[in-house]
Amino acid sequence: MSKFSKILGVLVMFTLLLTACGGGQQTQAPTDAVTEVPTEAMTEAPTEAMTEAPTEAMTEAPTEAATEAPVAGEIDCMGAAQGDEISMLYQWAGAEEAALNQVLQPLIDACGIVLRPESTRDQALLDTRVQAGTPPDVAFWQVSQLVQYEDQLVSMDELGANRESYGEFFIDPVTINDEWLGLPIKADVKSIIWYSPANFEALGYEVPTTWEELDALVEQMVADGQVPWSMGFESGDATGWTGSDFIQDIMLVQQGPEFVNGIIDGSVSYDDPGVRQAYETYGTWATDETYTVGGAQGTLSTPFLEAIFKPFADPPEAMMVKQSGFAGAEIKTQFPDLEQGTDYDFFVVPGIQGLQGSIEPMMVFNDTPAVRALVAYLSSEQGGANWAGATFGLSPNLGAAGNYVDPALQKLGDAIANTQGFTTDIGDTIPGGFGSAEFQGISEYVNGGDLDAILADLAAAQAEGLNQ
Amino acid sequence: MKREQINKLLNKVPTHVIVILTMIIWIVPTVGLLVTSLRPPEAVRSSGWWTVFGSQTVGGHYATYCAECHGADGTALPQADLTNPDVIAKYPRSLQLLALLRKDINGQPHMGDNSLPSAQEAAEIATYLREAGEEAGSKFTFNNYIDALVGYRGEDTYRADCAAGTQPPDLSCTARDILNPRGMGRAFINSLLVTIPATFLPILFAAFAGYAFAWLDFKGRFLLFALLVGLQVVPLQMTLVPISRFYAQVGLNGTFLGVWLFHTGFGMPYAIYLMRNFLGTLPKDLFESAYLDGASHWTAFRQLVIPLAMPAIASLGIFQFLWVWNDLLVSLVFLGGTTPVMTYQISNMVTSLGSGWQVLTAAAFLSMLLPMIVFFALQRYFVRGMLAGAVKG
């Protein structure tokens, strides 16, 4: 007993001590705890890094930020004062957060804005904050949140965002009821197929330029005893999204962008024969183990990241994987020896009309000078160029074109700059529970479910989502 | 007599087997995670964690298929010297190697009468040839732990970046980095600041309340007690929005006090229930004689209840500590990213696409450290306390 009282005594002492510390921070003012953290991270450290080791950091690292980033004076601070705060909420974490900081660093340096970032993948946090009346100043979230929070958001026109920086088809998906509510901040192209040029060369395959050639190539691979596709659905709650991407690309090949946009706005029902045709085309590949690794079970149970790696493993388990642009960075991380262009590369889905992609919008809840400065900076040509230099995916901003450091991003950036059309992901765009219903429906279909029933259910979910 | 003993022993065997099996099932993944957290990420990608316990056999397939002509060290044929990097560079991977092996050399099949290696074997030969010149890296590393502690988010490791001078702007490569707001080091302190008061306060209040419900006579005592215990059914998630709104009005959002109050409120119903039932089992005579001797309620509480209720307090302490320490939701909503706790940092170690997991494994073990210490320090109270108040005298 005495030993235990000692332990308890020590613990209580410790508690009191720490409580005193914590309490001190508390009573001084809530802002104390807040400013203490960011200033250390955002203002002290960077200046130190800049002044103490400027040569290494600037000459070796991707030089875009240093050489092309204009002088601080060119950034319009929109009247933001030194020390103004912006609270932000986003889903990015780890290396992505570091890249975002790199993009925003010139703005911080120029205007002295202090960022209070929060990162979570839990949408409940955003919902709680908004419902509690304490939303973050800006949030980087999905397009469907633009619809959900239509009444709380400040329009981009009001904030003075530069419309000229974006192609019209990038502004359309983030415009809700004729109000431009989201700044298209980050894009990804989904309509691409990754393959290994080295393996194609060893086996004598050519990159297809039409859908028929792709079909013939797939049959050729099967005849040679190779597995053409690597598919993987598994992705936690969102299991099945890779299938929905593939099917939408097939729709774009078979029916075109009008059709896909029709599904998104409800003029085409999800049980249309065109949808059915795309499902069936996909199903012949996704459920057969001569066409895809492991057949239907392999498709359903393979994690989507694993699926990306299969064509580039040695020996390759498959020849091709259809995955968005982010796959390039994942392949490079997984196999540091491989080189973009010779060991891994991609081609745009042959015969596709327009591109399928995703847009991550930035939405604004509070109109403050600091937020205006952020919007102005990100929608400026220079903001786009800095985004490209940070190797943080693609930027829909026209200023990004030609400024990418990463060769794969450069190639994708060219594709996105030259595309004739751009459709967003059907599942991500239709509000309500349609997205997860679609993923689930596709998983059921691959698992041998009845296609008519699945499409009928999804058409109902589509109608419900759009009527909300 | 002997037979009975044997029977007794045999009867115990199934129980023991089940207990040991359960232990293994629980422990193996944890050991795997621990080993993984200590390995460099490149090694984790290429082989399973269990391989660190054995010695690796490499080049086995080279010996089978190639050594006969090319020699054990690859230099037997001068026109095809396998130690020459330029030669090897032509077939870095299995498909190219197999294509070469299928070709004829001087009109003869490359492999002669021997069979071709399978794709898997060819891949291993190609890897063996490529890596023959490279020196093997060390099997274990603390880099994952260091990266997690300082909150390094780059592509390489903190130590490599610091050596090259290319560290991210929020790191200075000095001892100060341990307090980097993105790292586990700073989060550890924040977690302590949240957890200790959030454990201490509900137990303190519950001890008061338990004493009152057990030994003070007042009207509506049972009803009030039932009501308090009934509060346990209120789901925490339901109250997030209203309490967040209230906190915003009184300025408690993002403060430690707000989290302490929240945890205290939600920890108390169970704590009071447990304390009241435990204190109810103490002999009545004890208190009566104390009162007769002139003890006030406060004296009785301090000198009788606290020492006697130690097992219950300790077990409550462990439960509440683990609950608060492992909580993500409450600290995410009420503290958020400005004063991140360990669970928040862990959830942000990997990118939204799942890369950076090697730091996650280390971070998970860092956050397990303190609960383990607490558990082992108080474990005898843990088992004793589980039954506290369960049997009412």
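This is a predicted model: local features need pLDDT of at least 70, side-chain atom pairs count only at pLDDT 80 or more; totals for chains, interfaces and linings use all residues.
Biologist: Among the contacts in chain A with a separation of 6 or more, what percentage comes from residues 24 or more positions apart?
Modeller: The set in question holds the contacts of chain A whose partners have a separation of 6 or more. Within that set, the share from residues 24 or more positions apart is 77%.

Biologist: Which element of chain A gives the largest share of the side of domain 1 that touches domain 2?
Modeller: The domain assignment of chain A sets domain 1 at 33-187 + 367-415 and domain 2 at 192-353 + 430-467. Their contact takes 9 residues from domain 1 of chain A and 7 residues from domain 2 of chain A. On the domain 1 side, the elements of chain A that give two or more residues are helix 7 (144-148) and helix 20 (407-418). The largest share, 4 residues, comes from helix 20 of chain A.

Biologist: How many nonpolar, polar and charged residues does that side of domain 1 of chain A have?
Modeller: The side meant is that of domain 1 of chain A where domain 2 of chain A is touched, to which domain 1 gives 9 residues. By class, these are 6 nonpolar, 3 polar and no charged residues.

Biologist: In strand 8 of chain A, which residue is the bridge partner of A:Trp194?
Modeller: An open sheet of 3 strands in chain A has the order 8-7-9, with antiparallel pairing, and its edge strands are strand 8 (320-322) and strand 9 (345-348). Strand 7 (residues 192-195) of chain A is joined to strand 8 of chain A by 3 bridges. In strand 8 of chain A, the bridge partner of A:Trp194 is A:Val321.

Biologist: Why is A:Asp272 classed as partly exposed?
Modeller: A:Asp272 lies in the loop between helix 13 (257-265) and helix 14 (273-286) of chain A. A residue is buried with 20 or more other C-beta atoms within 10 Å and exposed with 12 or fewer. A:Asp272 falls in between and is partly exposed because the number of other C-beta atoms within 10 Å is 17.

Methods: Residues are numbered from 1 along each chain as its sequence is written. Chains are lettered from A and ligands numbered from 1 in the order in which they are written. Domain bounds come from an automatic or database domain assignment. Two residues are in contact if their C-beta atoms, placed from the backbone, lie within 7 Å. Ala, Val, Leu, Ile, Met, Phe, Trp, Tyr, Cys and Pro count as nonpolar, Asp, Glu, Lys and Arg as charged, and the others, Gly among them, as polar. Two strands pair if DSSP finds at least two bridges between them.
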